[in-house]
Amino acid sequence: MPASEIVDVWPLTPLQEGLLFHAVYDEAGVDVYALQTIVRLEGRVDGGRLRLAVEGLLRRHASLRVGFRWVGLSRPVQVVVGDVVVPWVEVEFAGVGDVGLAEFLRVDRGRRFEMGVAPLVRCALVRVGVEESWLVLTCHHVLMDGWSLPVVLGELMRLYESGGDGGV
């Protein structure tokens, strides 16, 4: 990332150091610390508005806009960037029992994050019916844990309800 995009540099917590170590130690296998969360959404979902809400969430939280640097350093650091593009896809499947849906989720879960490139978050809006969609939020555990995930998802839904403008 160009230095002009860097807005801050932070130390890592001991837990983050361990998670980063495991993520870069074995880059060939599945990263067991890539977390895939599936949120079932009922009713018609405006994909553009949901994407704006995700982008608003990342603008509001610098900790979700970090990449990591470790090569040539005595201790790894988190590099906060000012703006990121969240990897986003929208796909349609016939329904929950669709074999392609299971394969999509498996492939997404298996895609490794480049730990030096922010954001370590990606999203998919999966439409499984006219009135049902799934938000697939995949992120690296180095960013959040089981305690922070419900808070992040709650804020994301409030942003969606407000039009994704970040005014909440």
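Visitor: Which residues line the largest cavity?
Guide: Val54, Leu57, Leu58, Leu64, Val121, Cys123, Leu137, Met144, Val152 and Leu156. A cavity here is a set of points, on a 1 Å grid over the protein atoms alone, where a 1.4 Å probe fits but cannot get out; lining residues have an atom within 4 Å of a point. This is a predicted model: local features need pLDDT of at least 70, side-chain atom pairs count only at pLDDT 80 or more, and totals for chains, interfaces and linings use all residues. Residues are numbered from 1 along each chain as its sequence is written, and side-chain values use heavy atoms, with hydrogens and water left out.

Visitor: Which elements give two or more residues to that lining?
Guide: α2, β6 (121–129) and α4 (148–161). Helices (H or I, at least four residues) and strands (E, at least two) are DSSP runs, numbered from the N terminus. The largest share, three residues, comes from α2.

Visitor: What volume does the largest cavity have?
Guide: About 60 Å³, counted as the space filled by probe spheres set on grid points joined across faces, edges and corners. The whole-structure search finds one cavity of 30 Å³ or more.

Visitor: Switching to Arg49. Where does Arg49 lie?
Guide: In helix α2, which covers residues 47–60.

Visitor: What is Arg49 in contact with, beyond four places in sequence?
Guide: Tyr160, Glu161, Ser162, Gly163 and Gly164. Contact means heavy atoms within 4.5 Å.

Conventions
On a 1 Å grid over the protein atoms alone, a cavity is a set of points where a 1.4 Å probe fits but cannot get out, and a pocket is an open set with protein on both sides within 12 Å along at least five of seven lines; lining residues have an atom within 4 Å of a point.
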